[in-house]
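Trainee: Could you go through this model with me? I'd like to ask about a few residues and then about the strands.

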Amino acid sequence: EDGSAAWLRYAPLPHDSSHSSLPSSIITLNSTRGSPVYTAQQELRRGIQGIFGKTLNNGTSSNQHGAIIVGTAQAYQKSYGEFDDAKELEEDGYFLSSESNQVLIIGQNERGALYGSFDYLSRLAQGKLGAVSYVSNPHASIRWTNEWDNMDGSIERGYAGPSIFFENGFVTDNVTRVAEYARLLASIRINGMIVNNVNANATLLSPRNINGLGRLADAMRPYGVQLGISLNFASPQTFGGLSTFDPLDPAVDAWWANITNQIYARVPDMAGYLVKANSEGQPGPLTYNRTLAEGANMFARAAKPHGGIVMFRAFVYDNHINESNWKADRANAAVEFFQDLDGKFDDNVVVQIKYGPIDFQVREPVSPLFSTLRNTSTAIELQVTQEYLGQQTHLVYLAPLWKEILEFDMKADNRSSKVKDIISGERFRRPLGGSAGVVNVGTNTTWLGSHLSMSNLYAYGLLAWDPALGAEELLQDWIRLTFGHDKKVIETVTEMSMKSWPAYENYTGNLGIQTLTDILYTHFGPNPATMDNNGWGQWTRADKFSIGMDRTVKNGTGNAGQYPSEVAKVYESIETTPDNLLLWFHHVNYTHRLKSGKTVIQHFYDSHYEGAATAQDLVEQWNSLEGRIDVERFEHVLFRQKYQAGHALVWRDSINQFYYNLSEIKDEAGRVGNHPYRIEAEKMTLDGYRSYSVNPFHTASGAKAIV
Ligand code: BDP
């Protein structure tokens, strides 16, 4: 149990779960090796063998009793005649019926048939053996992952070892892991994957690497996962040898058309491109005074003849903002850059928007851009990799966070406008839309570096398919598939996971102040002092008396006014802003009283204690599962939980000490700065250790640690 099988373990069902009507044969309506329907057939055999120890025979159409029939609706109708539910199927959707001893798994297309097979197997593996009959269709057409892999094999914000796609500047030769990853993604109904970093390297476009991309796509195709790539805007100049990369220069246009043709010649079903432009030092159309839409449309023209999509990121901002300008606000950037461009993007462009206006913080309001763009297709960008959220050394189950965002009602034009219905294209009647999840898996057998963080990947895919699913429901399915059916295991891991996001928020940054982490690069560990006077604009504006960004229209940066009026009204006033976003939208005294009656500073102190205490509990809770989980995974998780428990104390004391030093307001409970029973390591007689001063000072008591 090294984690490589993730939730596709097909472990035998406990007890005697013999299945009286379990089919004994399989009829596959496409026997072409490598087709998703063929893959579905292989998967069904493998799963049923694993779960029930039963080998499926080859069925024939003359003997369909007791058979699983898997294929597309078209193929089914050819052999067996019309079936009613076919009309309800949408692209990638499937019909699953296990009502008689015949099981039908019929996809609208090949991919749908594969999804239906995985769904059926997931039910079996969870012991959900009852009869079902339903159609399942996707909420949105774009259900992609983004992988931030570099050509040298490193991964930006990846915490599970080196890349499975690239090494030493080239696409890897061995694509075994790539196929295994595609299999995992297909099982959660992901249909596209961008394989390289948004901070893209143009050498990906060399003939050798284009051929390599073909190899990756070939490995992914049997699973219905289409490959896509990130592009570097300056490639025509830096890589192609042109004198310019101006998107309106015909030579540049021709260069992109040509390179795109070359890629599609090798990967005819490529999903499309992802572009990060004019952001954090990346080149883009603004260099030539062209608009972002003109830049995006250049790629759109190249990809259009091949059916490709261009995901153009809204993460555009100036990363040299000057804090002395009280009105400056990074949170305003996306709307400022994109509002005048609405309707100017070609129809195969999708603007990909991070869920919040800043950057994957533990708590952010929804990005206002979702309601600004009415005539432009949009997708939401979520982060599965826990960049700011503990980098897989802390347990943070993210589905509750994503659910809050997806269910948020922007009330555009006073009409229900939930984010999930905007990104599906439904609310503003857009042809395209969906989700992009930054995953960053690596070569580590656990995929993400930690067994427990795989619940995030599982939930991400299935929420992209159906955002109405519940966070806890998804979690419990994942637990059963990953750890089995032991009731105590299910209850304990559920409880641990469901309290993990609130706990992390409590001991890192609460009341909407952002994750008070080291902002300069690592994004790991407490460093609130870096949260101001940095060009990135992630500011708290904390001083001796007060804290928070005033984003009101009346006195602040005007950010609250970027939301539709109903929502803007709520955020404009301190009284109506929810406490958990108070410091995001308002600058208040530390002594300001929250709706709970507590002062801001006392809330800080208390929450940090509460959050850190929860992190200690997680160790106990996990420990209580000893013997109920295989030793390999038990130990692996235990190590991480202990680390988290310790690191949560570092977080608690750093943040509390920092704001105590700044405000000089005492903790009512007398805890902050007062640890009478603590024995400082540096005061002990050190044998083989020495003490040293740490920076930032507040990450160790007395600013001293030992090494
Ligand atoms: C930030 C990451 C940085 C990414 C950037 C992005 O720290 O590594 O390149 O986002 O999304 O969160 O482009």
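Trainee: To start, is Asp-359 buried or exposed?

Mentor: Asp-359 counts as buried, at 5% relative accessibility, where buried means under 20% relative accessible area, exposed over 50% and partly exposed in between, using a 1.4 Å probe and protein chains only. Before going on, note that this is a predicted model, in which local features need pLDDT of at least 70 and side-chain atom pairs count only at pLDDT 80 or more, while totals for chains, interfaces and linings use all residues. Residues are numbered from 1 along each chain as its sequence is written, and side-chain values use heavy atoms, leaving out hydrogens and water.

Trainee: Which residue forms a salt bridge with Asp-359?

Mentor: That is Lys-354, and the closest N and O atoms of the pair are 2.7 Å apart; a salt bridge here is a side-chain nitrogen of Lys or Arg within 4 Å of a carboxyl oxygen of Asp or Glu. Lys-354 counts as buried too, at 7% relative accessibility.

Trainee: How many salt bridges does the count come to?

Mentor: By this rule the count comes to 41. One of them joins Arg-633 to Asp-630, with the closest N and O atoms 2.9 Å apart; Arg-633 is buried at 3% relative accessible area, whereas Asp-630 is partly exposed at 24%.

Trainee: Which residues are linked with Asp-630 and Arg-633 in a network?

Mentor: Glu-1 and Arg-9 are linked with them in a network of salt bridges.

Trainee: And what about Asp-653, which residue does it form a salt bridge with?

Mentor: Asp-653 forms one with Arg-678, the closest N and O atoms being 2.6 Å apart. Asp-653 lies in helix α20 (residues 631–663) and Arg-678 in the loop between α20 and β19 (691–693), so the pair ties together parts that are 25 residues apart in sequence. Helices (H or I, at least four residues) and strands (E, at least two) are DSSP runs numbered from the N terminus. Asp-653 is buried at 15% relative accessible area, while Arg-678 counts as partly exposed at 32%.

Trainee: Switching to the strands, in what order do the eight close into a barrel?

Mentor: The order is β7-β10-β11-β12-β13-β14-β15-β16, and the pairing is parallel, with two strands counted as paired if DSSP finds at least two bridges between them.

Trainee: How many bridges join β7 to β16?

Mentor: Five bridges join β7 (residues 142–146) to β16 (residues 433–438), and the two strands run parallel. Within that pairing, the bridge partner of Arg-143 in β16 is Ser-435.
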